[in-house]
2 protein chains.
Amino acid sequence: MVGMTYGSRPTIDDVARAAGVSRATASRVINDAPGASGVLRQRVRQAVADLGYRPNEIARALASGRQRAVDLIAVIDNPDLSLGAHPYYSRVLAGVMTALESINVQLRVQVAAEDDPVSAIDAIAGDLTVGAILANGSPELAARLHQRSHKVVSLVPTATSVPAVEADNIGGAYAAVQHLHSLGRRRIAAIHGPDRNTCAIARRIGYRRAISVFRLRDLNTAGDFTREGGHAAALRLIEAYPDIDGMFVACDLMAAGAIQAITVTGRRVPHDVSVVGFDDSVVSICTNPLLTSMRLPTEEMATAATRMLLTGTITPGHRQRFPVVLVERDSTSRRDR
Amino acid sequence: MVGMTYGSRPTIDDVARAAGVSRATASRVINDAPGASGVLRQRVRQAVADLGYRPNEIARALASGRQRAVDLIAVIDNPDLSLGAHPYYSRVLAGVMTALESINVQLRVQVAAEDDPVSAIDAIAGDLTVGAILANGSPELAARLHQRSHKVVSLVPTATSVPAVEADNIGGAYAAVQHLHSLGRRRIAAIHGPDRNTCAIARRIGYRRAISVFRLRDLNTAGDFTREGGHAAALRLIEAYPDIDGMFVACDLMAAGAIQAITVTGRRVPHDVSVVGFDDSVVSICTNPLLTSMRLPTEEMATAATRMLLTGTITPGHRQRFPVVLVERDSTSRRDR
DNA sequence: TTGAAAGCGCTAACAT
DNA sequence: ATGTTAGCGCTTTCAA
């Protein structure tokens, strides 16, 4: 520990001194950059190990002009669907961390609050380094962020200019209705998501397309992606169309509420009404009966988005699509019918 | 924009030049530090607004020696309970963000992977600035982190030296059993959590205390905090003790599985078997019937932990306790009995 | 291949 | 109250 200030972390100068080389050489070795002989490389590596040296990322970032951080941005538009209330964010987090593990890039979480998301977005844009992953939010906000930084990938359908990793929401919704239809269901109602939510919009399109192809009646009502909303929506539907025999619900949380509501009216799931949710989140294995759901590969999508940022392989309008497949569980089981 | 390098962000020097003051004065005004006259303050503020100046946090951090970041650390000990599979982390995230909103402190998420959490923890410890929030993990790991940094708060029961924000897990478990007892239940079984999980240990103690006080039989089995584990555990219990009339389950996810399993055996919840979960997470409103659960104020705890770090009001061994209260729902309803 | 030296943008002593 | 200056720990020219 000769020459090292006591108590504080060793700096690159301490390493250089211990190895008997210049700071520049130490830096080259530490960064695996060319321009250092094998002998000196050894000596520096030894010194690093001896001193327990770890580079100061802040100084590194300032000197090089680039920090290694990925920003995860969540826009809170609806207090009822804030971070804590929804398992979605856990999955996104997990996916991002998968891409980040062992590569020395940090994850920063940013929240753009509902009162002034625009200025929040502007502030975030200025600080982006590796780039940002947009977990939700309106196309307008996404476009603004993208305009300011370009290092952005959206996890939801968004403005055409913004690079995005997208799930096949339309195809998923179509497949859900198709599945209900294949089960012999002919009065298939839908509980849609919020009007302005891009995922919800896509799923609505898929439902419409399916009922048109299968020549079914369009029985639908709007929900808000909450359990309570799904519960209320299901009751509305049943009251309006008592002979419903299938339900396509635009998210698992609403589907959980719908199953509860259907049960309350004395109907059985899936015997009287088959239900298909959307997300394949933890919620789908907590309902009773277990919820058949369209699998949204959220973790994989978040991992892919993060990798795109890391490799810099994003161009305006870039799209990477993920399939949405049916995960069949008890809420559409044939056995019980 | 006179004197400002085109294309790059304005620096504090640009601001100083525009305002016709020294860099130091500009810094004082920007940081609301004393030592600047009203006139100059005005001029600097104007320049900041004109240029759209925003301080470079990296440079600020390097110069001042302190970065403003809170680290959230998740230890992944069980792949089945990784970030994505559990709504817990969403809630923690939400709680932390609540404390951080509008105060210009960043949240970094760190994951200590199962293969080598110790070295991961050591690496993290060296980079702490404001401090770290430990979302889970063993007391040993927590102690090690605390020893290296001291700026740590645990969200789970942990080593005595480590400051912690703790829920009254023991009292909560006791209250759960008490509630079942007050409903007339006398054969109250428990599905415990993993042996080494400190939360699970506390809840087990609460259960034991309650059955001892109420003079009940200790009917229990171990679970793993997963839905599948809860399902299997409930089946084991029912087979071993077919006359069970109450179940205390150490987490909501397992309780969801337990309700499903109980239903499968032809028993009704709550008519035949009343069930109480633990967490009051989103899972508790997705089960059917709705799950009575002990409310763990996770968001509030995370907020409190973050505030402790921000204010620096932590001392070794510090404890802040949160109550765990019963949230009664249908799985222990009296109506249905 | 190696080293010396100039910053990165800011804060904080220290002068004035 | 204001300005001057020396760093923070590192990367990265540039010269040798």
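**View 1. Domains of chain A.** The C-alpha centres of domain 1 and domain 3 of chain A lie 62 Å apart. Chain A is assigned domain 1 (12-53), domain 2 (64-167 + 298-322) and domain 3 (169-296), with bounds from an automatic or database domain assignment. This is a predicted model, in which local features need pLDDT of at least 70 and side-chain atom pairs count only at pLDDT 80 or more, whereas totals for chains, interfaces and linings use all residues. Residues are numbered from 1 along each chain as its sequence is written, and chains are lettered from A and ligands numbered from 1 in the order in which they are written.

**View 2. The surface near DNA strand D.** Among the 27 residues around DNA strand D, A:Thr11, A:Ile12, A:Ala63, B:Ala24 and B:Ser37 come nearest; a residue is near if its C-beta atom, placed from the backbone, lies within 6 Å of the strand. H4(A) gives the largest share of this surface, five residues. Helices and strands are DSSP runs numbered from the N terminus (helices H or I, at least four residues; strands E, at least two). By class, the surface has 14 nonpolar, 10 polar and three charged residues, where Ala, Val, Leu, Ile, Met, Phe, Trp, Tyr, Cys and Pro count as nonpolar, Asp, Glu, Lys and Arg as charged, and the others, Gly among them, as polar.

**View 3. The contact between chains A and B.** Each side is listed by chain: 43 residues from chain A and 43 residues from chain B take part, two residues being in contact if their C-beta atoms, placed from the backbone, lie within 7 Å. On the side of chain A that touches chain B, H5(A) supplies the largest share, seven residues. Three bridges join E2(A) to the antiparallel strand E2 (residues 106-112) of chain B, and A:Val109 stands opposite B:Leu107 in E2(B). Strands pair if DSSP finds at least two bridges between them.

**View 4. Relation of the two copies.** A rotation of 180° with 0.0 Å of shift along its axis superposes chain A on chain B with an RMSD of 0.1 Å, by least squares on the C-alpha atoms of residues with pLDDT of at least 70 in both. The two copies are therefore related as by a two-fold rotation axis.

**View 5. The open sheet of chain A.** Six strands in the order E7-E6-E8-E9-E10-E12 form an open sheet of mixed pairing in chain A. Its edge strands, E7 (219-222) and E12 (325-327), each pair on one side only. Strands E8 (residues 246-249) and E9 (residues 274-279) of chain A pair in the parallel sense over three bridges, and A:Phe248 has A:Val276 in E9(A) as its bridge partner.
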